[in-house]
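Here are some notes to read alongside the model. They go from the whole chain to one stretch of its surface.

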Amino acid sequence: MQPSEVSGIQYLVPSNPSPYSPHFSMNQSNKPALDSNQFLNPLYNFYIPPQIHDISPHSSCISSNSTSDEADEQQLSLIIERKQRRMISNRESARRSRMRKQRHLDELWAQVVWLRNENHQLIDKLNHVSESHDRVLQENTQLKEEASELRQMLFGMRLGHPNSTSVNLDDVALEHGLS
C-alpha cells in the first residue's frame with residue numbers, strides 16, 4: 001500500500017487510560033494486583049480499548065514522516081553536493097599540483113641545460129689553459145737548456161782565456177748563433 005492510497009486508518013484508544021498494564025488491576029486497598037485470567041485465557045492479552053480515532057493521510061504523524069523524509073532527502077542531497085564540491089576541489093588541487101610539478105621540472109631542465117653549457121665553457125677554458133701551460137712548460141724547458149749551454153760556453157771561455165778576465169758576451173753569442 002502506498003502512502004497516497006491511504007484514506008484513513010482507525011485505531012482504538014481507551015477512554016480512561018490506566019498507568020498500569022491491562023494485566024494489572026486495582027484492588028479495594030488501591031494496590032495493584034495481577035489478574036490471573038491472563039495466564040488462563042490466551043485471548044486475554046488482546047486488549048481492545050473502547051474509543052476509536054481516525055487517522056487521515058494528512059495527519060501530523062504521516063506529515064512528520066514526510067517532513068522527516070524530506071529532511072533526509074535534503075540532508076542526502078547536501079552530502080552529495082558536498083562530495084561533488086570536494087571532488088571538484090580535489091581535482092582542481094591535483095591539476096594545480098601537476099602544473100606546479102611540471103613548472104618545477106621545466107625549471108630543473110632549464111637549469112640542467114644552463115649548467116651543461118657552463119660546464120662545456122669551463123672545460124674549453126680548462127683545455128685552453130692546459131695547452132698554454134704545456135707550451136709554457138716546453139718553452140721553460142727549452143730556455144733552461146739554452147741557459148745551461150750558455151753557462152757551459154761561458155765557463156769554457158773563461159778557461160780558454162786565462163789572462164783575460166772580461167769576455168765579450170756578444171762575440172760568444174755570435175759564435176754560437178744566438179743573437
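1. The model is predicted. The protein chain has 179 residues, and 6% of them are buried. Its accessible surface is about 16,100 Å². Carbon and sulfur atoms supply 55% of that surface.

2. Three helices and four strands make up the secondary structure of the protein chain. Read from the N terminus, the order of elements is β-β-β-α-β-α-α.

3. How much of the contact count comes from residues 24 or more positions apart? Taking the contacts in the protein chain with a separation of 6 or more, such residues account for 58%.

4. The unreviewed UniProt entry gives the feature "coiled-coil region" for residues 126-153. In the model, residues 126-153 are 100% helix and 0% strand. Helix α2 covers residues 60-160.

5. Helix α2 also holds L105. Together with L108 and W109, L105 forms a nonpolar patch on the surface. The accessible area of L105, L108 and W109 together is about 300 Å².

6. Why does L105 count as partly exposed? The relative accessibility of L105 is 41%. Buried means under 20% and exposed means over 50%, with partly exposed in between. L105 therefore counts as partly exposed at its 41%.

Methods:
Residues numbered from 1 in each chain as written. Predicted model: local features only at pLDDT ≥ 70, side-chain atom pairs only at ≥ 80, totals over all residues. Heavy atoms only, no water. Helix = DSSP H or I, 4+ residues; strand = E, 2+ residues; numbered from the N terminus. Buried < 20%, exposed > 50% of the residue type's maximum accessible area, 1.4 Å probe, protein only. Contact = heavy atoms within 4.5 Å. Areas by Shrake-Rupley, 256 points an atom, 1.4 Å probe, with all protein chains shown as cover. UniProt positions renumbered as here; feature names shortened; annotations may be inferred. Patch = residues over 30% accessible without salt bridge, like charges linked within 9 Å, V, L, I, M, F, W, Y side chains within 5 Å. Salt bridge = Lys/Arg side-chain N within 4 Å of Asp/Glu carboxyl O.
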